[in-house]
Amino acid sequence: MPKTYLTRIGTLIRDARRHKGMTQSDLAELLGTSQSAVTRIEQGKQNLSLDTLAKIGDALDSEFVSLGHSGPQHLRIVGGQKLTGSIDVKTSKNAAVALLCAALLNRGRTTLRNLARIEEVNRILEVLASIGVRTRWLPDSSDLEIIPPAELNLDDIDVAAARRTRTVIMFLGPLLHEHESFQLPYAGGCDLGTRTVEPHLSALRSFGLEVTATHGFYEARSDRTINPERAIVLTERGDTVTENVLMAAARHAGTTVIRNASPNYMVQDLCFFLEKLGVRIEGIGTTTLTVQGLAEIDVDVEYAPSEDPIEAMSLIAAAVVTDSSITIRRVPIEFIEIELATLDGMGMKYNLTGEYMSANGKTRLVDLTTVPGPLRAPTDKIHPMPFPGLNIDNLPFFALIGAVADGSTMIHDWVYENRAIYLTELTKVGARVQLLDPHRVIVEGPTRWRAAEVVCPPALRPGVVVLLAMLAAPGTSVLRNVYVINRGYEDLAERLNALGATIEVFRDI
């Protein structure tokens, strides 16, 4: 066996043994061998036959050899440790998925610099590959090159990958100018209750798109003789709705006015990218966008999305819950100011550097250093609002922060039907969380955290909230099936470990 495979197998055996609570001596006794032999196996220094692997698998109730299957990923967290050091905020997940969809507008080569390498991106790349788009990660980088085919083959779309991401709904805007009829699988992603696609369909009717839902697919028909005759007024100021309409407008060779548009961070990134394609946009950062589109776009273009304010808030919450001082670099300050003002009101202290620019040349960044100290519950409820209000995706982190503050914090998650319910998972690690209704919870602090084994909630931000709580809980916790976290965070466990956390990735094998 090659040495690298032996090392990987040894690591799997070690993890399985630890998960069973066995020592090397215990395993050696079951196998009828010596502890030194088990040590060599776990260090990848011992050749192994299939028969030996089978015996080890029987001893540990684990299957080390399987065909074409890899089980869910879990995390083992040793909590109760303070974090120290510095960490960079990665580029935005939500900007990445929008830019991947927007690359379909361009017949030329698109290169996205320093893109988030996350599972959500991987699913979209699988969908793009299935319809003929060539993509490749450039060597030794997180830069992605995208080259479209002469014609997309939508009949071969990867349905399984498409159903695992809600992003596929944003294919409607780019595709409606190229195809008179096509179908897309129903969107998936986080389990957050019913999130209607009607605002998308209503807005895109202005471009002649009609969509019906049949047997798990959106059946789309596009009448390209129909173009917007007046301003498109969005019925909700949604991020993805705004992005879908922007992408449709980018290929309309005329003027499109979008009112009640979201001015949020991912929408601004999309606007900056469309400008690089030659599209003219007025009103970026406001709720009224005026778009002068192009009938054809064929340019070689490069773009670097800005940093992720939700990841920045995740890292702030990690510092708060572990009572730690860390420096979080490359924080997009414009998109987290309300969150910081809310933390100010709870008594949090922190230091900010002067501002500098992101690689896109547009987004203002700062470095933020947290200062440990007691917090008090806010006097009013915490609730999200469209930008420039408190970000909807950042709300769950305030349940975690409320759990370490003195007093009662009410979290009002009015946007999603189910997400507040998932915050009650914090009770499994010691928090006192009372569900008032599907949208509101009361969190009583401060909390005496305790270690526990928890199945990861099926929603991204609540899943990360439970993980961060486990960092504060003394002892060893297990968070099972963390795919949903990997959808939105790149190497989160490894990066937290660099700050002093102890998080081990393992699988049931």
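## Contacts and the model

A contact here means heavy atoms within 4.5 Å. Counting contacts between residues at least 6 apart in sequence, 74% link residues at least 24 apart.

This is a predicted model, in which local features need pLDDT of at least 70 and side-chain atom pairs count only at pLDDT 80 or more, while totals for chains, interfaces and linings use all residues. Residues are numbered from 1 along each chain as its sequence is written, and side-chain values use heavy atoms, with hydrogens and water left out.

## Overall build

Welcome to the fold itself. The chain holds 18 helices and 23 strands; these are DSSP runs, with helices (H or I) of at least four residues and strands (E) of at least two, numbered from the N terminus.

Along the principal axes, the C-alpha atoms fill a box of roughly 80 × 55 × 45 Å.

## Inside the chain

Of the 509 residues, 55% are buried, meaning under 20% relative accessible area with a 1.4 Å probe, protein chains only.

What about the cysteines? A search of the whole structure finds 0 disulfides, a disulfide being a pair of cysteine sulfur atoms within 2.5 Å. For C101, the nearest cysteine sulfur belongs to C271 and is 15 Å away. C101 is buried, at a relative accessible area of 0%, and C456 is buried too, at 7%.

Terms used
Buried < 20%, exposed > 50% of the residue type's maximum accessible area, 1.4 Å probe, protein only.
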